[in-house]
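Please look at the aromatic rings and at one helix contact in the structure shown here.

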Amino acid sequence: MNRKKGDIGQRRSGLLEMIRHAGGSPLDIPQTAKLLKVSQVTLRRDLAALAAEGLVERSYGRVTAVEESDRSRVTNIPEPIQRISRKAAQFVEAGDTIFINTSRTALHVLRFIDAPNVTVITNNVLATSIPHRSDMTLILTGGEVRYPKYAMVGDVAQRTIQSIRANKAFLGCSGLSVDKGMTTEYFSEVGVNNQMLQNVSGPVFLLASHVKLNWDSNFVSGPIAYVSKLITDKGAPSELIAPFEALDIEVFQV
């Protein structure tokens, strides 16, 4: 059963601000859940999601915010993201043309690609700052840049994707479920994500930590039928994986 859909992005942003203002003081889970009008289970899931994104650190009952510069998404790479990104890069072959969206996990696939003469089409401005092979061709879609993700969106970005047929797509998401498919917190990114899903001739790899599985975010990028393979972390219990495997989606846990 899918978890309740809500304004996840806004709630998690509010939670992050609360943690920043707390200055490292222990987080009162029951009180915080009451203030945010969510269950303690949902609150703990939100904390896990923030930690997976490298926005907070949790230790010994304390939760502290990780203060990041605008471009620290390039250098601050949590270990679960590295493992998923590294596994995804293993599926890139010589001469491939691939789509990569604005997901941090998808972005860092560039760092681990060993195959020669790969062409990458992305709407992530930060891709230019990621170390990658010298023979890799990096094509930015252009378009309006939206922060905080440095996402290029809008008609220009979508028209660029429409003119390209990729072999593979490596996409991150805010949520992934059998019912809603791939979802995102940002409406502005739906068009580009959907165009990437439609314009790939080979497999679509969804890269998502276990906290995003069977979770519906605000806006639908595309149905689950587009997804060929799922790469997640070992924190995903079998009951989260089973619905995807039942649809013949190949799941890799790293």
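The report below covers aromatic pairs and then a helix packing.

## Basis

This is a predicted model, in which local features need pLDDT of at least 70 and side-chain atom pairs count only at pLDDT 80 or more, while totals for chains, interfaces and linings use all residues. Residues are numbered from 1 along each chain as its sequence is written, and side-chain values use heavy atoms, with hydrogens and water left out.

## Aromatic pairs

The whole structure holds 5 aromatic pairs (ring centres of Phe, Tyr or the six-membered ring of Trp within 6.5 Å; planes under 30 degrees apart are stacked, over 60 edge-to-face, the rest tilted). Phe 170 and Phe 205 are stacked, at 4.6 Å centre to centre with 10° between the planes. Phe 170 belongs to strand β8 (residues 168-172) and Phe 205 to strand β11 (residues 204-207), so this pair ties together parts 35 residues apart in sequence. Both Phe 170 and Phe 205 are buried (under 20% relative accessible area; exposed is over 50%, partly exposed in between, with a 1.4 Å probe and protein chains only). Together with Phe 91 and Phe 252, Phe 170 and Phe 205 form one aromatic cluster.

## Helix packing

Helix α2 (residues 29-36) packs on helix α3 (residues 40-52) at about 95°, with axes 9 Å apart (axes are lines fitted to C-alpha atoms over the stretch in contact, and angles run from 0 to 180 degrees between N-to-C directions; helices are DSSP runs of H or I, at least four residues, and strands of E, at least two, numbered from the N terminus).

The contact (heavy atoms within 4.5 Å) involves Ile 29, Pro 30, Thr 32, Ala 33 and Leu 36 of α2 with Gln 40, Leu 43, Arg 44 and Leu 47 of α3.
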